[in-house]
Amino acid sequence: MKAVRYHRYGGSEVLQYEDAPRPAPGPRQVLVEVAATSFNPVDAGIRGGYLAQVYDIAFPHTPGVDVAGTIVELGGEVRGWAVGDAVVAFLPLDADGGAAEFAVVPVESLAAAPTTVSRADAAALPEAGLTAWQSLFEIAGLASGQSVLINGASGAVGGYAVQLAAQAGAHVTATATDRDAERLRALGAHRIVDYIDYTHAPISVEGAPFDVVLNLIATTDDQTESLLAVVADGGFHVGTMVAGPDDPGRDIHTQRVFVRSDATQLGELVERVDAGDLRIEVFQRRPLADTAAVHADSDAGRLHGKTILIPGRR
């Protein structure tokens with residue numbers, strides 16, 4: 001089969017589109033014929049070796065933590081799934097991923113794929129959707145009537161977070177550029193802020209104070225601390241790239257989210273997609289062979305929105 005692999009840590013140039021052995025599922029695993037994987041920033045972080053102390057991978061390694069496709073083989077002890085089932089999954093970050101024609105998936109990571117979008121586009125859901133869900137509800141406990149600031153809402157996690165927060169009855173303020181303002185309002189944002197000026201202390205954001213600040217940007221330590229000024233007493237700062245000070249005062253809670261696979265939560269997200277309540281947005285669809293170029297675009301800051309990577313596509 002064809003797969004994207006890298007044999008050492010490094011920049012996008014270490015990614016190779018090459019022949020690889022077709023894997024076989026072990027106990028409580030299934031083999032999935034991949035309709036698509038997607039690019040996530042964590043893929044680049046692992047590839048670059050920046051997360052080597054967190055995720056112990058073996059070389060050669062196949063990236064791609066998201067997968068959507070069809071079960072073609074069952075391992076031993078698999079119950080409740082059958083060959084031909086359409087599935088999505090968020091794969092373990094220390095195992096080989098979905099950037100291949102076939103991928104092994106633990107049965108505990110599986111959820112039925114949505115039926116209202118293409119099987120390939122479904123690969124845009126797991127990691128980003130779960131990150132938004134776990135940040136807002138599992139960590140911050142966002143509830144109806146509360147206010148949330150989503151800082152850096154233009155990307156895939158931000159799009160899901162805006163939708164989920166609005167549907168939960170929260171008042172949503174999102175930071176985004178003008179090109180994304182209309183789209184985010186359509187997703188449920190009540191207010192768009194185009195820029196946070198960190199040079200004036202304390203910072204001022206319309207709508208503050210917020211019960212929850214979901215920070216999707218790699219802010220500096222000083223910028224992160226400045227953001228705490230717009231968090232309400234007893235509120236939450238949740239970051240995907242940064243945490244925040246250990247003791248910020250005013251009973252504020254700070255935490256960095258490390259998303260985990262959760263098939264039950266993923267299944268709930270799929271149900272929302274099929275009910276028309278959650279929109280999957282795909283910025284571009286690229287051949288799997290373009291994976292190195294997509295990583296290079298991300299490293300250079302040229303990637304906007306969710307990119308899915310499709311095996312066999314030319």
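Modeller: Before we start, contact means heavy atoms within 4.5 Å. Helices (H or I, at least four residues) and strands (E, at least two) are DSSP runs, numbered from the N terminus. This is a predicted model, where local features need pLDDT of at least 70 and side-chain atom pairs count only at pLDDT 80 or more, while totals for chains, interfaces and linings use all residues. Residues are numbered from 1 along each chain as its sequence is written, and side-chain values use heavy atoms, with hydrogens and water left out.

Biologist: Okay, α4 to begin with: which elements do its buried residues pack against?

Modeller: Buried means under 20% relative accessible area and exposed over 50%, with partly exposed in between (1.4 Å probe, protein chains only). In α4, residues 178-187, the buried ones are Asp180, Ala181, Leu184 and Leu187. Their packing partners are α3 (156-167), β9 (171-175) and β10 (191-193).

Biologist: How wide is the arc that the buried residues of α4 fall within?

Modeller: We're talking about Asp180, Ala181, Leu184 and Leu187. The arc is taken from the directions from the helix axis to the C-beta atoms. These residues line one face of the helix, because seen down the axis of α4 they fall within an arc of 130°.

Biologist: Let's go to histidine 304. Which residue's side chain makes a polar contact of 2.8 Å with the side chain of histidine 304?

Modeller: Histidine 304 sits in the loop between α7 (291-299) and β15 (307-310), and at 19% relative accessible area it counts as buried. A polar contact is a pair of N or O atoms within 3.5 Å; within protein, one must be able to donate a hydrogen and the other to accept it, and residues adjacent in sequence count only if both atoms are side-chain atoms. The 2.8 Å one goes to arginine 179.

Biologist: That loop also holds lysine 306. How far is the nearest side chain of opposite charge from lysine 306?

Modeller: A salt bridge is a side-chain nitrogen of Lys or Arg within 4 Å of a carboxyl oxygen of Asp or Glu. For charge, Lys and Arg count as positive and Asp and Glu as negative, while His and the chain ends are not counted. Lysine 306 does have a polar contact of 3.5 Å with the side chain of serine 38, and the backbone oxygen of phenylalanine 39 lies 3.2 Å from a polar atom of its side chain. It's buried with no salt bridge, though, and aspartate 66 has the nearest opposite charge, at 4.1 Å.

Biologist: What about α7 itself: which of its residues are buried?

Modeller: Their cover includes β1 (2-5), α1 (41-47), β14 (284-287) and β15. The buried residues of α7 are Thr291, Val294, His295 and Asp297. They share one side of α7, because they cover an arc of only 160° around the axis. So the names are Thr291, Val294, His295 and Asp297.

Biologist: Last one: how far apart in space are phenylalanine 210 and glutamine 146, C-alpha to C-alpha?

Modeller: Phenylalanine 210 is in strand β11 (residues 210-215) and is buried at 1% relative accessibility. Its contacts beyond four places in sequence include Val148 and Val230. Glutamine 146 is 64 residues away in sequence, yet the spatial separation is 7.7 Å.
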